[in-house]
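Trainee: I have the file open and would like to go through it with you. Can we take it feature by feature?
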Amino acid sequence: MQPDQPDRKPVSLALQGGGMHGAFTWGVLDRLLEDGRLAIEGVSATSAGAMNGAVLAYGLLQGGSAGAREALHAFWLAISSSAQRYSPFRWMPWFKTGHTLGLNHSPLYAMADIALRLLSPYQFNPNNLNPLREVLGTQVDFAALREHCPIRLYLCATNIETGRIRIFPPEELSIDAVLASACVPTLFQAVCIDGQYYWDGGYVGNPAIFPLIYHCQTRDVVIVHINPIVRHGVPTSAADILNRVNELSFNSSLMREMRAIAFVTALIQQGKVDGRDMKEMWIHSIRSDETMAALGVSTKYNADWGFLCALRDQGRAQATDWLAQHYDSIGQRSSIDISGEFL
């Protein structure tokens, strides 16, 4: 748990992945850290969530809550700067999806999307260049994290050959672990760790909740959603159909875990199992399906600084509303109807 917050309400965080939409999670974390009434005991995270989680942990190690806020800001600024340097489309304004959340159409993205379905990263990127490696290497000292991680941090990846989830615990944190968790197979070559190959963790855990249940004392888990659960209307374009398929796929593992939690909670509350042997979990949710559903799929790759800051501000606003409405629920009960939301 954070050493500078011993008497505050402990919680664990579950951080979803979703490309540059992870800037929304940055905003949520920034607001929670600024508020200061919660102590983060553990984090389970996937993909962009894994990046946020690693940077959060290192910032806490370096300078407590203030250090974590500074580290997250520096990380996302570095992501934006790296994209401006390395993107082949950086000089083409019409590739960008705009500085505001309302602009989400990109003709050039559609062209690039078609190309990615014809060529694999082993073909268009044979040298396996990944700008994220450079950014992570300059922003996070993973050796220090492995030795002195201030929170219980668990990163999720998908073992390609077995289809099983791989959880990287604090003592196994590394740049490769984060890159494995964030390895979108159409963009990056599989990440090899100890002879095993990994893709994005979102396929099997976005994120996984069970490490927080097993390894954290707190019963409170705050899920920060990026992928909208509810999206009204039936998609009709090829891009929108594939985007919704990905959303459903990346939410499916979380939905299954929530159903299991709801089942165990009902057994405990009905007295059918001993609550001393099985821990009742209290689930909380920070999300804005309306905001995320309004964004086009191309915005997941938009690292324009104005766009990232707009998403950050949306995350901060959502976290502010959640604190006002549900802070008193922490340590007492779930602030969402688990059965109503996930069953």
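Trainee: Which ring does the charged end of Arg37 sit over?

Mentor: Keep in mind throughout that this is a predicted model. The charged end of Arg37 sits over the ring of Tyr327, at 4.0 Å from the centre of that ring.

Trainee: And what does Lys9 lie over?

Mentor: Lys9 lies over the face of Tyr327, with 4.2 Å to the ring centre.

Trainee: Switching to the record, which residues does UniProt list for "active site"?

Mentor: The UniProt entry, which is unreviewed, lists Ser47 and Asp200 under that heading. They are spread over 154 residues of sequence, yet they cluster in space, the largest C-alpha distance being 6.3 Å.

Trainee: What kind of contact do the side chains of Asp200 and Ser47 make?

Mentor: Their side chains make a polar contact, at 3.0 Å.

Trainee: Where is Ser47 found, and is it buried or exposed?

Mentor: Ser47 is found in the loop that runs between strand E2 (38-46) and helix H2 (48-86), and it counts as buried because its relative accessibility is 8%, where the cut-off is under 20%. Leaving aside neighbours within four places in sequence, Ser47 is in contact with Gly17, Ser181, Ala182 and Asp200.

Trainee: What about Asp200, where is that found?

Mentor: Asp200 is found in strand E6, which spans 196-200, and Asp200 is buried, with a relative accessible area of 2%. Not counting residues up to four places away in sequence, Asp200 touches several residues, among them Thr46, Thr158, Cys183, Val184 and Phe250.

Trainee: Back to phi for a moment, what is the phi of Asp194?

Mentor: Asp194 has a positive phi of about 55°, and Asp194 is not a glycine either. Asp194 lies in the loop between strand E5 (191-193) and E6, and with a relative accessible area of 70% Asp194 is exposed.

Trainee: Which residues does the cis peptide bond join?

Mentor: The cis peptide bond joins Asn206 and Pro207, with omega at about -10°. Pro207 lies in the loop between strand E6 and helix H8 (210-215).

Trainee: Changing topic to aromatics, how many pairs does a search of the whole structure find?

Mentor: Searching the whole structure gives six aromatic pairs. One of them is formed by Trp26 and Trp76, which are stacked, with 6.2 Å from centre to centre and 10° between the planes. Trp26 lies in helix H1 (residues 22-35) and Trp76 in helix H2, so this pair ties together parts that are 50 residues apart in sequence.

Trainee: Are those two buried or exposed?

Mentor: Trp26 counts as buried, at 1% relative accessibility, and Trp76 is buried as well, with a relative accessible area of 2%.

Trainee: What about the rings of Phe210 and Tyr214, how far apart are their centres?

Mentor: The centres of the Phe210 and Tyr214 rings are 5.9 Å apart and the planes stand at 55°, so this pair is tilted. The two residues are four apart in helix H8, which separates them by about one helical turn. Phe210 is partly exposed, with a relative accessible area of 27%, whereas Tyr214 counts as exposed at 61% relative accessibility.

Trainee: Which residues do ring pairs link into a cluster?

Mentor: The cluster is made up of Trp26, Phe75, Trp76 and Trp305, linked by ring pairs.

Trainee: Now helix H5, which of its residues are buried?

Mentor: In helix H5 (residues 131-139) the buried residues are Leu132, Val135 and Leu136. Viewed down the axis of H5 they fall within an arc of 95°, so they line one face of the helix.

Trainee: Why would residues at that spacing point the same way?

Mentor: An α-helix has 3.6 residues a turn, so residues three or four places apart point the same way.

Trainee: Which residue caps the N-terminal end of H5?

Mentor: Asn130 caps that end, with a side-chain oxygen 3.0 Å from the backbone nitrogen of Leu132.

Trainee: Last one, what does the side chain of Asn302 reach?

Mentor: The side chain of Asn302 reaches the backbone nitrogen of Asp304, at 3.0 Å. Asn302 is found in the loop between helix H10 (289-293) and helix H11 (305-326), and at 6% relative accessibility Asn302 counts as buried.

Conventions: Residues numbered from 1 in each chain as written. Predicted model: local features only at pLDDT ≥ 70, side-chain atom pairs only at ≥ 80, totals over all residues. Heavy atoms only, no water. Buried < 20%, exposed > 50% of the residue type's maximum accessible area, 1.4 Å probe, protein only. Polar contact = N/O pair within 3.5 Å; in protein donor to acceptor, adjacent residues only side chain to side chain. Phe/Tyr/Trp six-rings, centres within 6.5 Å; stacked < 30°, edge-to-face > 60°. Lys NZ or Arg CZ within 6 Å of the ring centre and 35° of its normal. Arc of directions from axis to C-beta. UniProt positions renumbered as here; feature names shortened; annotations may be inferred. Contact = heavy atoms within 4.5 Å.
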